[in-house]
Amino acid sequence: MMEISGFQVLVVCVCLVARIDGQVKPQPEQVHLSATGNVTEMIVTWSTFEDTPSMVQFGMTKPDQNATGSSTKFIDGGSLKSAQFIHRVKLTGVTPGTKYVYRCGSDEGWSPLFFFSALQDGTDWTPRLALYGDMGNKNAQSLGRLQVAAQGGEYDAILHVGDYAYDFDSDNGMVGDEFMRQIESVAAYVPYMTAVGNHENAYNFSHYKNRFTMPSYDSNQNLWYSWNIGPVHFVIFSTEVYFFTDDSKQTKVNQLKWLEEDLKEANDPKNRTEHPWIITLGHRPMYCSDTDGDDCTKLSSLVRAALEDLFYKNGVDMEIWAHEHNYERLWPVYQEKVYNGSKDAPYTNPKAPVHITTGSAGCQERHDIFSLPKPWDAFRAEDYGFTLMQVINKTHLAWQQISDDKHGEVIDKVMLIKDKHGPEAWL
């Protein structure tokens, strides 16, 4: 036993020294996929600790096609100034709905062989999505169940609603590297779409801005973007612009301007017909019933004051949040008033957006404790777990909350039915 323990300590020490000295072999790691909004494309992102070519070999049955990209050098802001090279390659010409195998790297070192299914084309299909926030390097309790499902083809994409690793920058960025290695087991197989959270704030959110490749990477480094999948228009944004004043005030102004323009375009009759569901994702919720004194517990919520009217006036159907380490489903609510569709069918043609907080994927900070329920509370749970969403068609959307504590049991299940979308749905 002593020899085994000693060996384990020795391995860790050797890895740390190699990383610090910059002598790690140019082996690809931290592989993850992301979508662009074009179903004939897929982006592959990975890291090496030496500068190497950026190549992906891919194909339907064997990796017989080649794609090339580029890398950027990212330096952590900690005392060691640890550096890595983050590679990005866009695959083009993929056939929608088709399974591909791929590997990334170069002749200096290749990744294992991974696979993915290209997203389906059009709007008349049913996207299957896993959603959660607040997953850490420690206590990532939901990850095993997510891995089995992602590799088993049960999800079309995963959406992580902020707070990663706890934290990306910890231990000179090594906690972030280990987290990205952990999620490779899901993120290398399905598009892993992200939103920024408060735990990414170090060095002006530099780890979040550099580690991922969302559709807005070139314009604002992943902070806000929109993305269409099937009949859904997702709007992903940063709640952190309202809390971290180190960032330019112009960032908040620019995001609001972008939100207004994106929602206006999404409500164009042609666009709203093709993608009738508008769903927003932001880290810190507008509403919650916790004891921690967060913004969502306050009558003067900054997020609510900034965005609730905008989302309501643009007919946003659902608002997905995290940050609170629990699961909370609200009745349809606007300005603290409940607007259920009817007494017997509250989620059939509701007169306000539906809010879901899903921040219990598992992290070292454990759970947040609920206070007494609020008038808008419909269901609450402190179980570790994640949310599954199926956008069945243009009028029906189903979601379930999966409890990892209860070994995959569905602890909440709801069908949202909207015969009409847009601001007129509230009338």
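Two strands count as paired here if DSSP finds at least two bridges between them. The structure is a predicted model.

**The sheet**

By that criterion, four strands make up an open, antiparallel sheet, ordered β1-β2-β6-β5. The edges are taken by β1 (29-34) and β5 (70-75); each has a single partner strand, so one side of each has no neighbour in the sheet. On average, neighbouring strands are turned by 20 degrees against each other, direction ignored.

Within this sheet, seven bridges link strand β2 (residues 42-48) to strand β6 (residues 83-91) in the antiparallel sense. One of the residues involved is Trp46, whose bridge partner in β6 is His87.

**Helices on the sheet**

Helix α3 (residues 174-187) packs on the sheet and touches β1 and β6. The direction of α3 makes about 50 degrees with that of β1. Helix α4 (residues 202-211) lies across β1, β2, β5 and β6, and runs at about 40 degrees to β6.

**Backbone features in loops**

The peptide bond between Tyr166 and Asp167 is cis, with omega about 5 degrees. Asp167 belongs to the loop between β13 (164-165) and α3.

His407 has a relative accessibility of 69%, and because exposed means over 50%, His407 counts as exposed.

Definitions and conventions:
Residues numbered from 1 in each chain as written. Predicted model: local features only at pLDDT ≥ 70, side-chain atom pairs only at ≥ 80, totals over all residues. Heavy atoms only, no water. Helix = DSSP H or I, 4+ residues; strand = E, 2+ residues; numbered from the N terminus. Axes fitted to C-alpha atoms, helices over the stretch in contact; angles between N-to-C directions. Contact = heavy atoms within 4.5 Å. Buried < 20%, exposed > 50% of the residue type's maximum accessible area, 1.4 Å probe, protein only.
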